[in-house]
Structures are given as structure tokens and as C-alpha cells.
Amino acid sequence: MVGNTAHPRSCGQLFLIFCKISLFTVGGGLAMLPFVEREVVKRRNWVSEDEFLDILGISQSMPGVMIVNVATTVGFKVAGKRGACSAFLGTVIPPFVSILIVAHYFLLIKDNVWIARALNGIRPAVIALVVMPILSLSRAALSDKKSLLVPAAVAGLILFGAPPVYVLLGGIAIILAVVLRKGRG
Amino acid sequence: MIRLILLAFSFVKIGILGFGGGYAMIPLIQREVQQFGIVGGEFIDILALSQMTPGPIGINTATYTGYKVAGFTGAAVATVSNVLPTFALMLVAAHFFYAFRANRRVELFFRLARPLFIGLIASSALLMMRDIRIWQDYKACGIFLAVFVLLYRYRFSFWMVFILSGAAGLLFY
């Protein structure tokens with residue numbers, strides 16, 4: 001069974017490694033993945049290349065912040081529950097502290113005229129950043145015109161005021177029904 | 001106290017339902033933070049700050065919202081509620097690691113769910129465009145299109161994009 005070989009020393013290492021990765025990668029969870037791979041697969045051989053891919057698979061299948069899921073699973077593989085806790089805390093604490101500091105100062109300066117003018121330019125840029133993953137996902141997922149209907153319907157519902165939570169849950173329910181029927185046949 | 005409970009409730013919901021990565025989570029967060037007075041441009045600003053500071057967007061938005069609503073306690077409550085439920089789930093999932101990874105149904109589920117995630121991300125982009133009235137603001141429209149080309153065609157890093165668009169904002173507004 002996985003995770004039964006707990007080394008007390010690796011917990012501290014796990015914490016520090018994930019702290020470091022979390023602190024020095026800017027730009028969201030996906031940007032952190034290559035660094036996690038380098039540290040735990042290539043440098044330390046804690047998990048194999050194949051296992052790492054499986055860990056990614058699980059982490060993306062579970063809800064929540066993906067990189068936190070990756071850290072938890074890697075930590076669990078290396079040193080059981082304590083390892084999972086160490087890696088988890090290492091991932092969560094740096095962004096928590098850094099955004100706390102940034103939020104504190106941002107709330108003080110955001111109404112400054114110059115900042116407000118710069119923000120007017122930054123906002124459309126942020127929207128363009130959000131549009132990017134749509135394109136990369138679409139290439140893989142939307143092969144024909146029919147499959148365009150789903151995103152169009154989802155976006156339409158939410159734009160006209162449907163709570164995204166219910167749209168998501170409804171969608172998941174439909175997909176589950178399809179998956180269970182296909183799985184049986 | 002009631003605000004703290006509402007915060008916790010909102011971010012537990014976001015954490016548990018946040019399938020499909022940080023970007024697919026955005027519309028859920030957008031909707032939940034409305035009740036705490038974070039609407040329109042400010043939400044977009046939070047996204048910008050999350051991109052510029054270390055760590056995943058999910059944690060950054062939770063901490064920021066919590067801090068704004070109820071100071072340090074709020075930040076702690078929002079962040080913990082966001083990550084703790086999934087942490088517990090992941091511990092269970094890690095136990096069933098080998099049973100889980102070979103599961104074809106899980107694979108099929110995620111292949112089918114991708115259009116759903118695309119729709120979610122698209123909806124948040126459209127909502128944000130509506131928030132800043134991009135259709136009536138040709139400058140914002142121009143910045144959006146320019147940044148889009150820089151990102152898509154020339155693979156600019158988001159740091160460059162933020163510096164350039166911030167400068168454009170100072171220049172044009």
C-alpha cells in the first residue's frame with residue numbers, strides 16, 4: 001500500500017520544497033507543475049514519471065485547487081498522512097501570506113488616480129488572459145459544431161443570471177448519467 | 001460573526017465544486033463574492049493581483065475576499081474553508097490511488113465535462129466584459145484585442161502584458 005514508508009525527515013523537506021515552489025512561481029497553479037515535477041520526480045525520485053502523471057490525473061479529477069491536490073497526493077505517497085499535511089501546508093501558506101500583504105496595500109492605494117487609470121488598462125488585459133485557456137481547451141474538446149452547443153448553452157444560462165453553481169451541478173448530473181449508461185453497456 | 005459564517009459557507013462551496021482548474025472556478029467565485037460587495041471592476045482587479053502574486057488563483061481570491069470582508073480573521077476563514085474540504089477528499093482519494101487511476105469512467109467523465117468547463121470560463125470572460133462595458137469603451141476594446149494578439153500570436157508573458165496594459169491605461173484614461 002502506498003504511503004506506509006514514512007520518513008520523519010521527508011516531512012520537513014516536503015514542506016520546504018512546496019513552500020519554495022509555491023513562493024517562487026507566479027501565474028497560477030499550472031505554472032507550478034514543471035517545478036513540482038523537477039523536484040519530486042527528477043531530483044529526488046520520490047515518485048516515478050508514470051506515477052506523477054497518475055497523480056496529475058487524480059488531482060485534476062478532484063475538485064478544488066489543482067496544485068494543492070497535487071501536493072497532498074505527492075506528500076501522501078512520500079510520507080503518509082503527515083507527509084500530505086506537510087506538503088499541503090507548504091503549498092498554502094506562501095500564497096496566503098503574500099496575497100494578504102498585497103491585499104492590505106492594494107486596498108489602501110486602489111482609489112489613487114494613477115492606480116485607477118492603470119487599472120483601466122489592466123482590466124481588459126486580464127479578460128484576454130482568461131480567454132486564453134478557452135482556446136487551448138477548445139482545440140482538444142470541441143471537434144464539431146454540435147459540441148459547441150454545450151459551452152454556448154452554459155455561458156448563455158450564466159449570462160442571463162442562472163447561478164453558476166446550479167449550472168455546474170446540472171451539467172455534472174447529465175454527464176454522470178451518460179457515463180453510467182455507457183459504462184454499463 | 002454572521003459574515004464569517006457566510007464567508008466560510010461560500011468558500012467551502014467553491015472549494016468542493018471547483019472542478020476543472022482555477023479558470024473554471026472563476027464564475028463560481030465571481031457569483032459568491034458579489035454578496036460581499038466585490039463586483040465589477042474590483043473582481044477583475046483581484047484576478048490581476050492573483051496572477052501577479054505567487055500561488056494558485058483559488059487561494060489568492062479566497063484570501064483577498066476574506067481580508068476585505070473581515071480583516072485577517074476573514075482571510076484565514078475564507079482560505080481554510082476553500083482548501084480544507086478538498087484536502088480531506090484528497091487524503092481519501094490518495095488511499096484509493098490505484099483503484100482510481102485505472103478507472104475508465106472517470107476518464108470518460110472528464111472528456112465529456114470539458115465543454116462544460118469551456119462554457120464556464122467563457123461565461124466569466126463575458127460577464128467581466130459586461131462589467132467594464134467593453135462594447136461602449138473603444139479604448140478597452142482595443143487594449144483587449146491588442147493583448148489577445150500579443151498573448152496568442154506572440155506568446156507574451158503575463159508580466160509584459162500587465163506592464164504594457166497598465167502603461168496603456170495611464171496613457172489613454
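Me: How many residue pairs are in polar contact between domain 1 of chain B and domain 2 of chain B, and what makes a pair count?

Reply: In this predicted model, the count between domain 1 of chain B and domain 2 of chain B is two residue pairs in polar contact, with both residues at pLDDT 80 or more. A pair counts because an N or O atom of one residue lies within 3.5 Å of an N or O atom of the other, one able to donate a hydrogen and the other to accept it. On the side of domain 1 of chain B that touches domain 2 of chain B, the largest share, three residues, comes from α3(B). By class, that side has four nonpolar residues, one polar residue and no charged residues.

Me: How many salt bridges are counted between domain 1 of chain B and domain 2 of chain B?

Reply: The count between these two domains of chain B is zero salt bridges.

Me: Where do the two domains of chain B lie in the chain, and how far apart are their C-alpha centres?

Reply: The domain assignment places domain 1 of chain B at 2-132 and domain 2 of chain B at 134-173. Their C-alpha centres lie 26 Å apart. The contact takes five residues from domain 1 of chain B and seven residues from domain 2 of chain B.

Me: Why is the pair A:R123 and B:D45 called a salt bridge?

Reply: The side chains of A:R123 and B:D45 meet at 2.7 Å, N to O. The cut-off for a side-chain nitrogen of Arg and a carboxyl oxygen of Asp is within 4 Å, so the pair qualifies. The count between chain B and chain A is one salt bridge. Across the interface of chain B and chain A there are also nine residue pairs in polar contact, both residues at pLDDT 80 or more. The elements that give two or more residues to the side of chain B that touches chain A include α1 (2-17), α4 (57-95) and α6 (104-131) of chain B. The largest share of that side, 23 residues, comes from α6(B). The residues of that side divide into 63 nonpolar, 20 polar and nine charged.

Me: What describes the size of the interface between chain B and chain A?

Reply: The size of an interface is often given as the accessible area lost when the parts come together. Between chain B and chain A the buried area is about 8,700 Å², of which carbon and sulfur atoms give 82%. In terms of contact, 92 residues of chain B meet 95 residues of chain A.

Me: How do you know whether chain A is spread out or a compact globule?

Reply: Chain A has seven helices and zero strands. Its radius of gyration is 21 Å, well over the 16 Å that the globule rule gives for 185 residues, so chain A is more spread out than a compact globule. Along its principal axes the C-alpha trace of chain A spans about 60 × 55 × 25 Å. Chain A is divided into domain 1 (8-109) and domain 2 (136-185), with C-alpha centres 30 Å apart.

Me: What is the secondary structure of chain B, and what does its C-alpha trace span?

Reply: Chain B comes to eight helices and zero strands. The C-alpha trace of chain B spans about 55 × 45 × 25 Å along its principal axes.

Methods: Residues numbered from 1 in each chain as written. Chains lettered and ligands numbered in written order. Predicted model: local features only at pLDDT ≥ 70, side-chain atom pairs only at ≥ 80, totals over all residues. Heavy atoms only, no water. Contact = heavy atoms within 4.5 Å. Buried area = accessible area lost by both parts, 1.4 Å probe. Polar contact = N/O pair within 3.5 Å; in protein donor to acceptor, adjacent residues only side chain to side chain. Helix = DSSP H or I, 4+ residues; strand = E, 2+ residues; numbered from the N terminus. Nonpolar A, V, L, I, M, F, W, Y, C, P; charged D, E, K, R; others polar. Domains from an automatic or database assignment. Rg over C-alpha atoms; globule rule 2.2 N^0.38 Å.
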